Amino acid sequence: MKRPDMSVEIAGINMRNPVMTASGTFGYGEEFAGYVDLETIGAIITKGLSLKPRAGNPTPRIVETPGGMLNAIGLQNVGLEAFIKTKTPFLRTVDTPVIVNLFGNTIEEYAELAFHLDRVPEVAGVEVNISCPNVKLGGIVFGTDPKAAYSVVRAVREATVKPVIVKLSPNVTDIVEMAHACADADADALSLINTLTGMAIDLQKRRPVLANVTGGLSGPAIKPVALRMVWQVARAVKLPIIGIGGIMSAIDALEFILAGATAVQIGTANFLDPSAAQTIARDMERYLVENGIADVKELIGALEV
Amino acid sequence: MQFKSMVISNTEASPGYYRMRLTAPHGLSTSRPGQFVMVKVRDAIDPLLRRPFGIFDLGSSVAEFGDGSEQTYLEILYRVVGRGTVMLATLHHGDHLDILGPLGKGFEQGTPTEEKILVGGGVGLAPLYYLAKELVKESPVRLFIGGRTREDILCVTEFERLGVETYVATDDGTLGVSGLVTEVMERHLTEKNQAKTMFACGPMPMLKAVAEIARRNAIPCQVSLEAYMACGMGACLGCVVKGREHEDYRPDYRCVCKDGPVFDFRELQWI
């Protein structure tokens, strides 16, 4: 049998397969180069970037929980200038699309960052992280207010001609409403879900385990929630969707595709197995071969309900 | 590198402390003292994350099975503290584990012939054995080892067999001198006045005391830190420590896994 067609396209970004690495779990690609062949995965999404460097939160920042982990890193990153100077030279050498996850404290910061990244040739597109507080609007989180989400996505949209992906937070009552707001603002694609807010307590010390008190839950524990949200959003909006949430295997990844995702992102799995994305892409292809499926795109949204 | 390893032995060194010997690929033998490995204690999603362990020993021996060729082995020393190490302690000869390593930056071994002072607290002794094995080839080595009680004092015989002069201190006086290991070590410093380098690994209060002694006496000192970490390769940024303002170093968070686990004490903020 001919090799199945694993390629997918998201908003003009052509990927050799649907497997991307999730922001914040794969550094800037370079960290993993010794463990994974970066040219076997669909796309690399880099660590959340802000205009200026950010130190991040005090420690402890992470804790393992049943089937998952909580993190409160606090968006520590090198900032735009150092990213361009020290991270893009390596990324330029890799024949795989690089998508930059970006965030800001104000709409203007988001737009300015998108504007600068628009001129960086190594950047194939941006993923807008709308899970941070809007300092100007008194800390309201862009990702939980549809009007704020619309405004920030619109501002990014106008600042760049590159594909704009919006990463949705699951910490909302109605994720479909958020998805509609982003679609109305002319986003090119949606990625979901970001982490679920949670907490862990140390009974002995009577204190929260994380210095930040709460953190974002990721890993296999959140997969059912993520699948449900991908399915809901895929039915409601026309935009391509990137499924994220506890994907550890090709089976998990294919479930997201059935639910309506065009591509997937591997997050926490990169921590336990730095070659996870490569392995998952390979195993997805094997599944297609074994089941006589010629094109992975046949499976997108093929869930029978 | 990422490799499948077989447990050769897993024995209780002292109540609650285990030494595990594992098969390793030949490539691991280039690891430097102070580097560590990330071990997946079980092939399952729970516990989810790997556990970091300093390299306690690395060497080669004639393979137990096969043609009598050399087999590289790796040893870790661990204390049973949580779910992951409880599971590790149940493993037997022939069980398999998935391991990543060597990771991190090891110890700079300093000027040969100069006296080397090692300070270890409890299970913090782990990376110092492999270090001592290298250091004794060129320098006199003294080890100061501390713990709450005699059961926390590990592997003294092994160090002595290397020719390391070993001093023991326990909080309750059940073994060696009664008191803090750092006090014993500082007394030794003031007695002898030749050039030395210090290497320390253990609980934070002990490391703080060692750093203070190093500063007061202007002795070069490297500390090896322990931290919770998810990836071990500088991606998750979960294991950071705050770097100190210093002309040679940037004053920001540094990854224990990638910038460390060994740091020059001057790189860190100790408050």
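**Domain and chain interfaces in a predicted two-chain model**

Between domain 1 of chain B and domain 3 of chain B there are zero salt bridges, a salt bridge being a side-chain nitrogen of Lys or Arg within 4 Å of a carboxyl oxygen of Asp or Glu. The model is predicted, so local features need pLDDT of at least 70 and side-chain atom pairs count only at pLDDT 80 or more, while totals for chains, interfaces and linings use all residues. Residues are numbered from 1 along each chain as its sequence is written, chains are lettered from A and ligands numbered from 1 in the order in which they are written, and side-chain values use heavy atoms, with hydrogens and water left out.

The domain assignment divides chain B into domain 1 (2-103), domain 2 (107-226) and domain 3 (227-271); such bounds come from an automatic or database domain assignment. Seven residues from domain 1 of chain B and eight residues from domain 3 of chain B make up the contact between these two domains, where contact means heavy atoms within 4.5 Å. Taken over C-alpha atoms, the centres of domain 1 of chain B and domain 3 of chain B are 25 Å apart.

The size of an interface is often given as the accessible area lost when the parts come together. Here, buried area is the accessible area (1.4 Å probe) that two parts lose on being put together, summed over both. For domain 1 of chain B and domain 3 of chain B this comes to about 620 Å², with 73% of it on carbon and sulfur atoms. On the domain 1 side, Phe36(B), Met38(B) and Leu103(B) supply 50% of the area buried against domain 3 of chain B, more than any other three residues. The rule also finds zero residue pairs in polar contact across this interface (both at pLDDT 80 or more). A polar contact is a pair of N or O atoms within 3.5 Å; within protein, one must be able to donate a hydrogen and the other to accept it, and residues adjacent in sequence count only if both atoms are side-chain atoms. The residues on the side of domain 1 of chain B that touches domain 3 of chain B are five nonpolar, one polar and one charged. In this division Ala, Val, Leu, Ile, Met, Phe, Trp, Tyr, Cys and Pro count as nonpolar, Asp, Glu, Lys and Arg as charged, and the others, Gly among them, as polar.

The next interface is the one between the chains. In it, 30 residues of chain A are in contact with 26 residues of chain B. The area buried between chain A and chain B is about 2,200 Å², and carbon and sulfur atoms give 65% of that area. Tyr35(A), Glu64(A) and Leu272(A) supply 28% of what chain A buries against chain B, more than any other three residues. Glu64(A) also meets Arg51(B), side chain to side chain, in a salt bridge (2.8 Å, N to O); the count between the two chains is one salt bridge. Seven residue pairs are in polar contact across the interface of chain A and chain B (both at pLDDT 80 or more). The elements of chain A that give two or more residues to the side touching chain B are strand 5 (62-65), strand 6 (68-71) and helix 7 (269-272). Helices (H or I, at least four residues) and strands (E, at least two) are DSSP runs, numbered from the N terminus. By residue class, that side of chain A divides into 14 nonpolar, eleven polar and five charged.

Leu91(A) is found in helix 1 (residues 79-92) of chain A and is buried, with a relative accessible area of 3%. Buried means under 20% relative accessible area, exposed over 50%, and partly exposed in between (1.4 Å probe, protein chains only). Not counting residues up to four places away in sequence, Leu91(A) touches Tyr28(A), Thr46(A), Phe83(A) and Val98(A). In chain B, His188(B) lies in helix 4 (residues 181-191) and counts as buried at 4% relative accessibility. With the neighbours up to four places away in sequence not counted, His188(B) touches Glu115(B), Ile117(B), Arg142(B), Phe144(B) and Tyr167(B).

Backbone geometry comes last. Most residues other than glycine have a negative phi, and most peptide bonds are trans. The peptide bond from Asp46(B) to Pro47(B) is cis, with omega near -5°, and Pro47(B) sits in the loop between strand 3 (36-40) and strand 4 (51-54) of chain B. Cys155(B) has a positive phi, near 55°, and is buried, with a relative accessible area of 10%.
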